[in-house]
Amino acid sequence: ASQPIARQINATGTISPWEEVPVGAETGGLTAVSVNAEEGQTVRQGQVLVAMNDTMLRAQLRQQEASVASAKATLAEASAALNRAKELQAKGYLSQAGLDTATARQGTSAANLAAAEAARGETAARLGQTSVRAPVGGLISRRSVTKGQIVTAGSELFRIVRDSRLELDADIPETDLGSVKAGMSARRCSS
C-alpha cells in the first residue's frame with residue numbers, strides 16, 4: 001500500500017521578534033500605583049498597562065476648571081460693560097478714552113479666558129497620560145516598571161512583540177531546502 005510518510009526537517013537558528021515596540025511614559029514624576037501586565041503575557045491594543053497616581057493632576061484640573069469659569073464670568077461682565085460704554089458714547093455721555101478702556105478690558109478678559117482654557121487643556125492631556133496603554137496588541141517581551149516606582153517621562157516601561165509574531169532565522173540543510181513550504185508548522189526543540 002502507498003501512503004504519505006511524515007517527514008521532519010531539522011534546522012538550527014534563532015527566534016527573534018518580528019517587530020518590537022517600546023512603550024514609554026509621556027508624562028513623568030508620578031508614582032506607578034498599578035502594573036497590569038507581566039512578561040510573557042499577551043495584551044490587546046489600548047489595554048492599560050500602568051496606572052500612575054493622578055491625585056495632584058485631578059486637583060489641578062479642578063482648580064483650572066474654576067479658573068475657566070471665573071474667566072468666563074469676567075469676560076461676560078467686560079462684554080456687557082463694553083456694550084453699555086458703546087451706547088453711552090453714541091449718546092455723547094462717554095468719552096472715546098472711556099470706550100477704549102472698556103474695549104481693552106473686554107480684550108484682556110477674552111485673552112485671560114483663552115489662557116485659562118489652554119492651561120486646563122494641558123492638565124487634562126497630562127491626566128490622560130497617567131494611564132499608559134498598549135499602543136499595539138501582542139506579547140510583552142520585557143517589563144521594566146514596578147509598582148511604587150516613580151516613572152520619568154520618556155522612560156521605557158515595556159517592550160511588546162507586535163501581534164506576538166516571531167521570526168525564525170534558520171539554517172536548513174541544502175538537501176531539505178526543496179521540501180520547505182510557506183505555512184509549514186515548526187516546533188522548538190531545546191538542545
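This is a short exchange about how terms apply to a predicted model.

User: What kind of model is this, and how are residues numbered?
Analyst: The model is predicted: local features need pLDDT of at least 70, side-chain atom pairs count only at pLDDT 80 or more, and totals for chains, interfaces and linings use all residues. Residues are numbered from 1 along each chain as its sequence is written, and side-chain values use heavy atoms, leaving out hydrogens and water.

User: Why is I172 called partly exposed?
Analyst: Buried means under 20% relative accessible area, exposed over 50%, partly exposed in between (1.4 Å probe, protein chains only). I172 has 31%, so it is partly exposed. I172 lies in the segment after β10 (166-171).

User: What makes a nonpolar core, and which residues touch the most other members of the largest one?
Analyst: A core is a set of buried Ala, Val, Leu, Ile, Met, Phe, Trp, Tyr and Cys residues joined through side-chain atoms within 4.5 Å. The largest has 23 residues; L49, V50, V145, L157, F158 and I160 touch the most other members. A second, separate core of five residues includes V68, A71, L113 and A116.

Technical notes
Helices (H or I, at least four residues) and strands (E, at least two) are DSSP runs, numbered from the N terminus.
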